[in-house]
Amino acid sequence: MPTTPTPFENLTWQKATDDESAPEYIEVAFGDDGNVYLRTNTEPDNVVVTTRVKWDAFVLGVKAGEFDHFVGL
C-alpha cells in the first residue's frame with residue numbers, strides 16, 4: 001500500500017549547526033506558505049511551525065542577547 005507523503009517532505013531542511021559531529025541538532029525549513037518549520041534530527045516527525053514574522057522577531061531577540069540567561073541551564 002503506498003504511503004501518503006507528509007507536508008514536510010518537500011521542505012529543504014537546514015542544519016542549525018556547523019558541528020558535523022553533533023549527535024543532536026535543530027533543523028529549520030522555510031516554506032513557500034510563509035511558515036517556518038523546526039525539528040530535531042532525532043525526532044524528524046515532530047515538527048513545530050511558526051510564522052516568518054515570529055521567527056524574525058525571535059532571531060532579532062537572539063542577536064540582541066535577550067535569551068543569554070538560558071545559556072548554561
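Predicted model: local features only at pLDDT ≥ 70, side-chain atom pairs only at ≥ 80, totals over all residues.
Residues are numbered from 1 along each chain as its sequence is written.

The largest pocket holds about 180 Å³ of space. A pocket is an open set of points on a 1 Å grid over the protein atoms alone, where a 1.4 Å probe fits, with protein on both sides within 12 Å along at least five of seven lines. Its volume is the space filled by probe spheres set on the points, which are joined across faces, edges and corners. Lining residues have an atom within 4 Å of a point. Here they are Gln14, Lys15, Ala16, Ile26, Val28, Phe30, Leu38, Trp55 and Phe58. At least two lining residues come from each of strand 1 (14-15), strand 2 (26-30) and helix 1 (52-63). Helices (H or I, at least four residues) and strands (E, at least two) are DSSP runs, numbered from the N terminus. Strand 2 gives the largest share, three residues. By class, the lining has seven nonpolar residues, one polar and one charged. Nonpolar covers Ala, Val, Leu, Ile, Met, Phe, Trp, Tyr, Cys and Pro; charged covers Asp, Glu, Lys and Arg; the others, Gly among them, are polar.

The structure holds four aromatic pairs. In one of them, the rings of Trp55 and Phe58 have centres 5.7 Å apart and planes at 40°, so the pair is tilted. Rings of Phe, Tyr and Trp (its six-membered ring) pair if their centres lie within 6.5 Å; planes under 30 degrees apart are stacked, over 60 edge-to-face, and the rest tilted. Trp55 and Phe58 are three residues apart in helix 1, so about one helical turn separates them. Phe67 is partly exposed, at 30%. Phe30, Trp55, Phe58, Phe67 and Phe70 form one aromatic cluster.

Charges also sit over rings. The criterion is NZ of Lys or CZ of Arg within 6 Å of the ring centre and within 35 degrees of the ring normal. Lys15 has its charged end over the ring of Tyr25, 4.7 Å from the centre. Arg39 lies over the face of Trp13, 3.8 Å from the ring centre.

Note on methods
Heavy atoms only, no water. Buried < 20%, exposed > 50% of the residue type's maximum accessible area, 1.4 Å probe, protein only.
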